[in-house]
Amino acid sequence: MAIAKYSKTCGKNVPGNSRLFFTEAANISSITATSNEISDVIMSDTTKFREFGADIDSIKFTIEGTGSASYSEVQKLEAKFSKKTTALITAKNSLLDAVACGVAIIRVDNNGNAWLSGYTVKDKNRRAYNKVTTNFDTGAKPSDEGTAAYTITLEAEGFDDELAFDTTLNTAIVGGTATFIDYN
Amino acid sequence: MKYKVKQNWENAVISATIKGFPAACKLNELSQAQLAILYEASHPGVEKVEDEKQKNSGK
């Protein structure tokens, strides 16, 4: 593959993420990609992506890639959920169950772009997020900022980056009208 | 009736876990039966067209 050209876009870049949606990767019947951007997602009506309302400015996605003749990367998605409740424990437990078979994730970054990971064109659902770590710390006193929250981290190892959505789907995802997402 | 890939979707690549679907391939490489499945699932790149044979036999 010849090296592609890349022209820098002159515009501000806003770090961080705003929204998060999970599904079992096996729930995705198909994705269609046009010019390497997702132009269609087929899922059944009963198994959509589910929104997890994370704490503001707590969703972080990282990639650590390494290679020479071969290449692999570890993708991690970390998010924080404040105030322990029965609903939060139920949601967390459902995610822990799903990880056993693999999870796919859509995140919306603070530039307004949605990204899919855990499902790739080549490997379908076989490189989904299949590791999870959780952390909960009550804190000791009311002024202990950032405590009394669950931190959930999902991890996947693969060799393909996230996939962007085309303009139509991106607008639908960000606008809350994507048919394959169950919004809060 | 036949199923056809819409013109601007001909180079789109589909990656499906639906039983019987091949590894990632272009939409226009799919069989009629596979296109029918996508049409029923409201895939925006697939349309139903009148079969020429049926059209002529109706005359």
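Two strands are taken to pair where DSSP finds at least two bridges between them. On that basis, the predicted model contains an open sheet of 10 strands with mixed pairing, in the order β12(A)-β4(A)-β1(A)-β7(A)-β8(A)-β11(A)-β3(A)-β2(A)-β2(B)-β3(B). The edges of this sheet are formed by β12 (181-182) of chain A and by β3 (25-26) of chain B, each of which pairs on one side only. For the complex, the predictor gives an ipTM of 0.85 together with a pTM of 0.92.

Chain A comprises 2 helices and 12 strands, and its elements follow one another from the N terminus as β-β-β-β-β-β-α-β-β-β-β-β-α-β. The C-alpha atoms of chain A occupy a box of roughly 55 × 35 × 35 Å along the principal axes. The radius of gyration of chain A is 17 Å, which agrees with the value near 16 Å that a compact globule of 184 residues would have. Of these 184 residues, 30% count as buried, and among the contacts in chain A with a separation of 6 or more, 72% are made by residues 24 or more positions apart.

The largest nonpolar core holds 51 residues, of which A:Ala79, A:Val103, A:Ala104 and A:Ile105 touch the most other members. Strand β10 (residues 149-158) of chain A gives the most to this core, contributing 5 residues. When neighbours within four places in sequence are left aside, A:Ala104 is in contact with A:Thr23, A:Ala25, A:Ile28, A:Leu116, A:Gly118, A:Tyr119, A:Asn125 and A:Ala128.

Within chain A, β2(A) and β3(A) pair in the antiparallel sense over 6 bridges, with A:Glu37 of β3(A) as the bridge partner of A:Thr34. The hairpin of these two strands, β2(A) and β3(A), has 2 residues between the strands, and A:Ser35 takes a positive phi near 50 degrees there. Strand β2(A) is largely enclosed by the rest of the structure, because 5 of its 7 residues are buried.

Strand β2(A) also pairs with β2(B), in the antiparallel sense and over 4 bridges. Two residue pairs locate this pairing: A:Thr32 stands opposite B:Ile14 in β2(B), while A:Ile31 has B:Ser15 in β2(B) as its bridge partner. On the chain B side, strand β2 (residues 13-16) is joined to β3(B) by 2 bridges, the two strands running antiparallel; here B:Ile14 stands opposite B:Cys25 in β3(B).

The contact between the chains takes 15 residues from chain A and 14 residues from chain B. On the side of chain A that touches chain B, β2 (28-34) and β3 (37-43) each supply at least two residues, and the largest share, 7 residues, comes from β2(A). By residue type, this side of chain A divides into 6 nonpolar, 6 polar and 3 charged residues.

Confidence in chain B was examined separately. Chain B averages a pLDDT of 89, and 88% of the residues score at least 70. Among the elements of chain B, helix α2 (residues 52-57) has the lowest mean pLDDT, at 66, whereas β2(B) has the highest, at 96; β2(B) is the strand that pairs with β2(A).

Key: Residues numbered from 1 in each chain as written. Chains lettered and ligands numbered in written order. Predicted model: local features only at pLDDT ≥ 70, side-chain atom pairs only at ≥ 80, totals over all residues. Contact = placed C-beta atoms within 7 Å. Nonpolar A, V, L, I, M, F, W, Y, C, P; charged D, E, K, R; others polar. Core = buried A, V, L, I, M, F, W, Y, C linked by C-beta atoms within 7 Å. Buried ≥ 20, exposed ≤ 12 C-beta atoms within 10 Å, placed from the backbone. pLDDT = per-residue confidence, 0-100. Rg over C-alpha atoms; globule rule 2.2 N^0.38 Å.
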